[in-house]
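Here's a walk through a handful of spots in one protein chain. Have a look at the picture first, then read on.

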Amino acid sequence: MEQEPLLMIPGPVPIPQRVRAAMTRQAINHRGPEFGAAYAETVQTLKTLFGTVNELYIISGSGSAGMEAGVANFARDKRIVSLVNGKFGDRFAKIGARYGTVTTLESEWGTPLDLAALERELEAGAEVVTMVHNETSAGIKNPAPEVGKLARKHDALFIMDGVTSIGGDDVRMDEWGVDIAVVGSQKCLAAPAGLAAIAVGDRAWDRISEKRPFYLDMAAYRKSGKGSPMETPYTPAVPLFLALHEACKMIEEEGVAARIARHRRMADAVRAAAKGWGVDLFPTLDEHHAYSNTATAMRIPDGVTDNDLRGTVKKFGIEIAGGQDHLKGKIFRIGTMGGVGAQEILATLAAVQFALRKSGFAAGDGVEAAAGVLLG
């Protein structure tokens, strides 16, 4: 039997066969009714996952393109506060610096954000807040409801990166006061990389910049999206749209609540395994922060190298992620997102357990602990 690599990283994720097959069909007219119907149906599913009734459009570009679209259209020449406790929060700050004046409120990666400092910046006149909801670089979920409440209190826009939470965890854009939210196709949606969806609320539309980018002009996406059939302003990546459409069909078939529950159960299983092994989880939490339910970050035990751990796991045809930037060699991360389930989780954890023991670390039976969670 031909073996494919098993990607258990924080995206991209394994793509279901149905979704892959959707990309292999003959080209269709991207200005015709078939494409328009697929686009509109995909948008309706995504709105449910975003927890929004706001307008939502799909961009041919990665999640970073969606982040930049949010900033470039709605934060140009404004005072921006960027909350940073990981790599992708830092990316948001760097994007913001291209378009506005940024104040970075930085915490150590994987530690709580400083909400008191955020309120002080808002009181001083900050107009936009950017935050990554689920920071996979450190395995921490940040407090979107609390940040949204502060932003609304001070009449600031809240732009949220939901790239690795939407579709795999509970997201309530409208209830939380998020004005602009973004997701990437290759994470919890289990579609190929290369698309971003961005939802925009009324408060943001009222403040859209007059000087906007050309390709990422959200006013252009809005105009084309309101046509019949629904269209994109520029030629879309049609095979990727069709693949995302199929992925959304699978999400509807599973049910959003069931999908979120599955993601949480998988993450709970990985955390149970870590406890069983005697391996420390990386993030530091408080009452407002939580462990990520789509990527678990753990400290590499003393005496074990990254190559000992991830290199051995890779020999089984399974890829897990290491640390990024200054965390290289210090942590490892297991993704629990997309269409994977108990089989993939247990195979991955068994490989990690073997690698830990082979490296001389006296790991307990984390696999048994995880199996109990998955069966419970």
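This is a predicted model: local features need pLDDT of at least 70, side-chain atom pairs count only at pLDDT 80 or more; totals for chains, interfaces and linings use all residues.

**Around Thr 52 and Asn 54**

Thr 52 sits in the loop between H2 and E2, and its side chain reaches the backbone nitrogen of Asn 54 at 2.9 Å. The side chain of Thr 52 also makes a polar contact of 2.7 Å with the side chain of Asp 174. With a relative accessible area of 8%, Thr 52 is buried. Leaving out residues up to four places away in sequence, Thr 52 touches Lys 47, Met 173, Asp 174 and Ala 199.

Now for Asn 54, which belongs to the loop between H2 and strand E2 (55–60). Is Asn 54 buried or exposed? Its relative accessibility is 14%, and the cut-off for buried is under 20%, so Asn 54 counts as buried. Setting aside neighbours within four places in sequence, Asn 54 is in contact with Lys 47, Met 173, Asp 174, Val 200, Gly 201 and Asp 202.

**Phe 35 in helix H2**

Let's step back into H2 itself, which covers residues 33–50 and holds Phe 35. Phe 35 is buried, and its relative accessible area is 1%. Which residues does it touch, leaving aside its neighbours within four places in sequence? Phe 35 is in contact with Ile 28, Asn 29 and His 30, and also with Met 230, Pro 236, Val 238 and Phe 241. Then there's His 245: it lies 210 residues from Phe 35 in sequence, yet the two are 10.0 Å apart in space, C-alpha to C-alpha.

**H3 meets H4**

Next up is a pair of helices. Two packed helices are described by the angle between their axes and the distance between the axes. For helix H3 (residues 63–74) and helix H4 (residues 87–99), the axes come within 9 Å and cross at roughly 40 degrees. That angle is why H3 is called oblique to H4. As for handedness, H3 and H4 make a right-handed crossing.

Who makes the contact? On the H3 side you'll find Ser 64, Met 67, Glu 68, Val 71 and Ala 72, while H4 brings Phe 88, Arg 91, Phe 92, Ile 95, Gly 96 and Tyr 99. Sorted by class, the contact of H3 with H4 has seven nonpolar, two polar and two charged residues.

Helix H5 runs over residues 115–123, and its buried residues are Leu 115, Ala 117, Leu 118, Glu 119 and Leu 122.

At the start of H5, a side-chain oxygen of Asp 114 reaches to within 3.2 Å of the backbone nitrogen of Ala 116. After H5 comes Gly 125, with a positive phi near 115 degrees.

| Where | Feature | Angle |
|---|---|---|
| Gly 11 to Pro 12 | cis peptide bond | omega near 0 degrees |
| Ser 228 to Pro 229 | cis peptide bond | omega about 5 degrees |
| Asp 77 | positive phi, not a glycine | phi about 60 degrees |
| Ala 190 | positive phi, not a glycine | phi about 60 degrees |

Pro 12 is in the loop between strand E1 (6–7) and helix H1 (17–22), and Pro 229 is in the loop between helix H9 (218–225) and helix H10 (238–254). Asp 77 lies in the loop between H3 and E3, and Ala 190 in the loop between strand E9 (180–184) and strand E10 (195–200). Asp 77 is exposed, with a relative accessible area of 67%, whereas Ala 190 counts as buried at 3% relative accessibility.

**One last stop**

Finally, there's Ala 342, found in helix H13 (residues 342–358). Ala 342 is partly exposed, with a relative accessible area of 38%. Glu 368 is 26 residues away from Ala 342 along the chain, and their C-alpha atoms are separated by 12 Å.

Conventions: Residues are numbered from 1 along each chain as its sequence is written. Side-chain values use heavy atoms; hydrogens and water are left out. Axes are lines fitted to C-alpha atoms, for helices over the stretch in contact, and angles run from 0 to 180 degrees between N-to-C directions. Helices (H or I, at least four residues) and strands (E, at least two) are DSSP runs, numbered from the N terminus. Angles under 35 degrees count as roughly parallel, over 145 as roughly antiparallel, 65 to 115 as roughly perpendicular and the rest as oblique. A crossing is left-handed if the near helix is turned anticlockwise from the far one by less than a right angle, and right-handed if clockwise. Contact means heavy atoms within 4.5 Å. Ala, Val, Leu, Ile, Met, Phe, Trp, Tyr, Cys and Pro count as nonpolar, Asp, Glu, Lys and Arg as charged, and the others, Gly among them, as polar. Buried means under 20% relative accessible area, exposed over 50%, partly exposed in between (1.4 Å probe, protein chains only). A polar contact is a pair of N or O atoms within 3.5 Å; within protein, one must be able to donate a hydrogen and the other to accept it, and residues adjacent in sequence count only if both atoms are side-chain atoms.
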